[in-house]
Amino acid sequence: MKYTKALTPVDDYKFPFGEELRKLAEEELGETDARREHALQMLREWAEKNPRIAKIRMDSNFFLKFLRAKKFSIPIVQDTIERYILLRRTRDGQLFTKLDCRDPKVAKLLDLGYMFALPKRDHHGRRVMFYRPGVFDLNEFINEDMLRIHGICYETLAHNEENQIRGVVHAGVGTGIGLQYLTLFSIKEAVRIAKNGERIIPMRHREMHGCNISPALKVAMEWGLSLISEKLQKRTRIYTDIKDIDMDKSLLPKEYGGEMPMAEMIKLWKRELEDYRATLLMEDKMAVNLSMYSEAAKAGAVSALKQNLNGCLEATEKNGSYGLAGSFRKLEVD
């Protein structure tokens, strides 16, 4: 088949890791050489035939990060990829295009250590994303800056194949966070971000550790946790102090009980962001035919997540294979 929508070459993928990761991928994700090859072929043909998709990356790495995040469930992967491209066009691309680590506000947040991946992997071989939201100055930054730096950092982590297979750990300190931070997003925005983020971002979230959370934010924290799936809730642990965190503390910045100074960690992380910068910016060329989606779907409404994407069309039996029918828990906020 000729792939006219491809932004990147169709490559002949070879598994680049040893037996340990191969076994882990098969046991946890159901990934085998045969299943992977078949899935990649199916996704390329689906994308080429899907009338709603205009341009898309077709290299193996792009598809594999979704396949691994969704454990090779093809219909779910198809739905996620399409929504992923659509999400990048939310607000005319204002939020999730031009995801550039050199953007002045993003660069300053990086230098402040708002979020960065710790250099060393944990004892399970997983990368740890470390957060310091208290450095987010509400007088200098806006909620769009927050969304953009998260997008850049998550995309960079998700590109790495070992991260795709092993998953990612999240850990952060709430020092400096007060009630005023609750004004960053409306309730509707917060719900949409949580629901779309968990559903669409191709990452395996293995553990989440929150430390030094102000007692004044307890109710807000409980509400925030209620927005994520029960599976992720069970993987979340909250600590009064980071010294109690249940992970290898040597991985942490020196300022929080680890070995390497935070400034060095940030410098190393910025190099990783630079390495992936060109590819991430190239993804701005991915596109869908917006006229074929409902306004709710284009806005990222929670109600749209509960619907087969074909529900956004005057669906016919002919194009029925391009969407995913599913049942999701009823939500109160759209």
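This is a predicted model: local features need pLDDT of at least 70, side-chain atom pairs count only at pLDDT 80 or more; totals for chains, interfaces and linings use all residues.

Residues are numbered from 1 along each chain as its sequence is written, and side-chain values use heavy atoms, leaving out hydrogens and water.

**Stop 1: the annotated span.** Select residues 114-258, which an unreviewed UniProt entry labels "domain: CRAL-TRIO"; such annotations may be inferred rather than shown by experiment. The span is 35% helix and 17% strand, with its end C-alpha atoms 17 Å apart. Helices here are DSSP runs of H or I with at least four residues, strands are E runs of at least two, and both are numbered from the N terminus.

**Stop 2: the sheet.** Now show the strands: five of them make an open, mixed sheet in the order β2-β3-β4-β5-β6. At the edges are β2 (115-117) and β6 (236-239), each with a single partner strand, so one side of each has no neighbour in the sheet. From one strand to the next, the twist averages 15° (axes are lines fitted to C-alpha atoms, and angles run from 0 to 180 degrees between N-to-C directions).

Stop 3: Pick residues 168-173, strand β4, where six of six residues are buried (under 20% relative accessible area with a 1.4 Å probe, protein chains only). Val-168, His-170 and Gly-172 point one way, and Val-169, Ala-171 and Val-173 the other. Pairing takes at least two DSSP bridges between strands. β3 (127-131) runs parallel to β4 over five bridges; to see one of the residue pairs, select Val-128 and its bridge partner Val-169.

**Stop 4: the rings.** Nine aromatic pairs are present (Phe, Tyr or Trp six-membered ring centres within 6.5 Å; planes under 30 degrees apart are stacked, over 60 edge-to-face, the rest tilted). Zoom to Phe-62 and Phe-66: centres 5.2 Å apart and planes at 65° make this pair edge-to-face. They sit four residues apart in helix α3 (60-69), about one helical turn. Phe-62 is buried at 0% relative accessible area, and Phe-66 counts as buried at 0% too.

Key. Buried means under 20% relative accessible area, exposed over 50%, partly exposed in between (1.4 Å probe, protein chains only).
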